[in-house]
Amino acid sequence: MPDEIHRSELLQKLQGRDTIESNFSELFEDILPNEDNLDVDKAYVSEYRQLVKHLRSEVQSRDNELVILHERLTVMNKNMEKINDEIIGSSIENNVLQQKYDTLRVEYDKLVQRWLKKVQKEADKMNEHVAQADNQVESKHG
Amino acid sequence: MSDIHHLVWNGGLNTQIEIDKSLVFMDDESKPLFINVRLPRESYFVLYASSLLHKIKLKLRKDIDEVLPYIWFEQDGSNLPWNIPIGTLHDVMNPRISELPIEAAASSTSILVWKIRMVYGQELPQNHIPLTNGLEQVQKYWMHQWKQACFVLNGTSKQIMSMKMDDSKAFWQSVISRNVDIFSSMSDKIVPSIPRNIPVMVHRQNYMDFISQPLVIPQKESWKTTTLQTVLDSSEYTTTEQNTLAVVCQGIDVPCSILIEELYRDFVSLDGFLHLILQQQ
Amino acid sequence: MITKTQFDTQLQQIYAERTLQDRTDVQVVFFQDSTLLIHLSPKPSIREKTGATLLLGRIEYSEIYQEPSLYIQLIEHKRGLDGLEIISHPSINDMNIFLPDDYQTLFVIQPEVLDGSVWWCFHQCDTSKIVGENSSTTGTYLKRWISVFLFSWLGD
């Protein structure tokens with residue numbers, strides 16, 4: 001058995017809905033599905049169609065070009081970034097190596113100095129011995 | 001054919017559609033292009049896409065056929081999936097009438113306009129079913145919905161599978177041409193006088209991304225006594241929020257004490273389902 | 001036809017047995033609530049026709065039909081111009097190519113939206129014909145269902 005109380009309440013609500021949802025509906029065009037030929041003057045229209053066709057294909061090819069160029073640009077920018085990063089990396093490496101080299105150079109110079117001194121000392125010692133030996137030989141034969 | 005069902009079938013919405021700028025040539029780039037149309041609640045957006053594009057045909061950058069598979073509709077940036085009835089989409093995304101200030105809504109100078117956008121893009125939204133076969137695909141989908149509804153109502157898809165080819169065509173055609181008499185005579189062949197279960201789809205307000213699958217109502221008692229409240233109680237949608245939820249159907253608040261079978265027969269949508277929207281009180 | 005409880009039990013069993021995970025064409029298996037999600041390497045013919053590099057299979061219980069339901073999503077991984085990975089969802093007009101010829105009329109493959117994205121649902125009109133049904137085999141119903149629906153038709 002249909003519920004009369006509910007039905008009249010629903011009916012009222014739906015009617016209220018329609019009042020609100022239909023207010024000023026004359027400002028809104030009616031529309032049917034699947035409409036595909038709203039043209040009236042056929043002769044005029046075929047020319048229009050041609051023009052539009054041309055324009056559209058032009059626009060399409062321009063749009064296509066733009067897309068390709070844009071992509072290229074993006075890739076190039078990325079490559080640039082990569083290269084910049086590499087340069088920075090190399091720079092840093094270079095600095096580090098330079099520092100290392102400087103340190104090593106100082107050390108090396110020091111080592112060379114020490115070695116020279118050592119060699120000199122040894123040479124002096126040897127000269128001393130040779131001088132002493134000469135003196136001894138001289139005094140014997142003297 | 002009840003008067004209620006007539007009102008449901010004939011419901012319409014004032015809709016302002018803003019057209020995606022990338023679709024058209026504009027003389028003044030700063031002004032948006034609008035089409036103001038009256039859309040029926042009981043239909044699918046996709047059925048009107050081509051007609052809308054025809055209205056602005058001379059401004060279009062591309063051919064309509066090229067554009068159609070990449071079109072969808074949005075409100076406030078959210079996709080409005082084409083496979084849900086228009087009225088339901090509106091009710092999900094907008095406050096119900098009873099929420100509007102009474103004086104404003106009922107006044108003769110107030111206007112209710114649904115503002116949406118027609119969007120064009122190569123990357124379709126995640127929850128948009130791609131349309132590769134045009135209207136034929138829409139018809140298949142609609143038929144698929146009815147098959148499910150039929151199975152729920154009858155326990156078998158026989159009623160719809162054994163429909164004559166002519167009847168089947170007429171059924172779909174009645175949706176396109178909005179002929180409520182033919183539609184009803186066809187749906188009467190599917191909806192039994194004693195349904196096994198009621199096909200219901202529940203939506204949450206503003207939550208277009210996760211539309212619930214059809215709700216299966218566990219049948220505890222006869223449909224002659226099962227109310228909407230019982231259905232909500234037994235579902236996952238109402239836990240602590242139960243007392244603060246309002247149920248909207250076809251744009252109006254529906255009392256929870258109403259029998260679910262009654263509600264179905266009067267408020268069923270074009271796809272054989274009863275679409276309910278849960279909104280916060 | 002199986003009940004939800006039977007479905008849940010059998011699904012859990014199948015996941016625990018690890019026979020799915022051990023298959024060479026299965027990459028990952030996820031199991032949560034009453035859903036089984038399988039990442040599958042697609043059959044070469046599917047790969048060719050759609051470009052898909054990955055096939056997602058999702059098995060859920062259909063309350064309406066009281067049957068397991070299979071949902072499919074195709075994924076294609078590729079590298080873009082800038083070297084970044086792109087993930088796309090190829091779709092084709094005629095999803096029926098997935099099915100062997102004699103089964104094509106028994107099925108309806110329909111797109112549906114689950115969890116916010118589009119999945120292809122394989123709707124069986126007469127599953128028992130394909131999987132077989134009698135009381136002695138109900139316990140393995142789901143296993144047979146999966147092996148026919150997912151692996152013999154779609155997997156590598």
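As a general point, the strands of a sheet pair through backbone hydrogen bonds, in either a parallel or an antiparallel manner.

Strand 1 of chain A is joined by two bridges to strand 2 (residues 33-40) of chain B, and these two strands run parallel. Within strand 2 of chain B, B:Arg38 stands opposite A:Asp30.

## Confidence in the prediction

For the complex, the predictor gives an ipTM of 0.84 and a pTM of 0.79. Chain C has a mean pLDDT of 78, with 78% of its residues reaching 70 or more. Where pLDDT is low, predicted coordinates should not be read in detail.

## Helix 6 of chain B

Helix 6 of chain B comprises 21 residues, numbered 134-154. From its first C-alpha to its last, this helix reaches 30 Å, close to the 30 Å expected at 1.5 Å a residue. Helix 6 of chain B is mostly covered, for 16 of its 21 residues are buried. Just after the helix, B:Gly155 takes a positive phi of about 80 degrees.

A UniProt record, an unreviewed entry, lists residues 136-192 of chain B as "domain: Autophagy protein ATG5 alpha-helical bundle region". In the model, residues 136-192 of chain B are 75% helix and 0% strand, and their end C-alpha atoms lie 28 Å apart.

## The nonpolar cores

The largest nonpolar core has 93 residues, of which B:Leu23, B:Phe73, B:Trp142 and B:Phe267 touch the most other members. Helix 6 of chain B gives the most to this core, contributing eight residues. Apart from it lies another core, of 33 residues, which includes C:Leu11, C:Phe107, C:Trp120 and C:Phe122.

Which residues does B:Phe73 touch, not counting those up to four places away in sequence? Among them are B:Ile17, B:Phe45, B:Ala49, B:Leu52 and B:Leu80. B:Phe73 also touches B:Ile116, B:Arg117 and B:Met118.

## A buried glutamate in chain B

B:Glu261 is found in helix 11 of chain B, which covers residues 260-267. Is B:Glu261 buried or exposed? The residue has 7% relative accessibility, and buried means under 20%, so B:Glu261 counts as buried. Leaving aside neighbours within four places in sequence, B:Glu261 is in contact with B:Ser193, B:Pro195, B:Ile198, B:Trp223 and B:Lys224.

## Chain C

Chain C contains five helices and seven strands. Along the sequence, these elements follow the pattern α-α-β-β-α-β-β-β-β-β-α-α. Of the 156 residues in chain C, 50% are buried. Among contacts in chain C with a separation of 6 or more, 48% involve residues 24 or more positions apart.

## The helical region of chain A

For residues 94-136 of chain A, an unreviewed UniProt entry gives the annotation "coiled-coil region". In the model, residues 94-136 of chain A are 100% helix and 0% strand. The end C-alpha atoms of residues 94-136 of chain A are 62 Å apart.

Conventions
Residues are numbered from 1 along each chain as its sequence is written. Chains are lettered from A and ligands numbered from 1 in the order in which they are written. This is a predicted model: local features need pLDDT of at least 70, side-chain atom pairs count only at pLDDT 80 or more; totals for chains, interfaces and linings use all residues. Side-chain values use heavy atoms; hydrogens and water are left out. Helices (H or I, at least four residues) and strands (E, at least two) are DSSP runs, numbered from the N terminus. The expected span of a helix is 1.5 Å times one less than its number of residues. Buried means under 20% relative accessible area, exposed over 50%, partly exposed in between (1.4 Å probe, protein chains only). pLDDT is the predictor's confidence in each residue, from 0 to 100. A nonpolar core is a set of buried Ala, Val, Leu, Ile, Met, Phe, Trp, Tyr and Cys residues joined through side-chain atoms within 4.5 Å. Contact means heavy atoms within 4.5 Å. UniProt positions are given in the numbering used here, feature names are shortened, and annotations may be inferred rather than shown by experiment. Two strands pair if DSSP finds at least two bridges between them.
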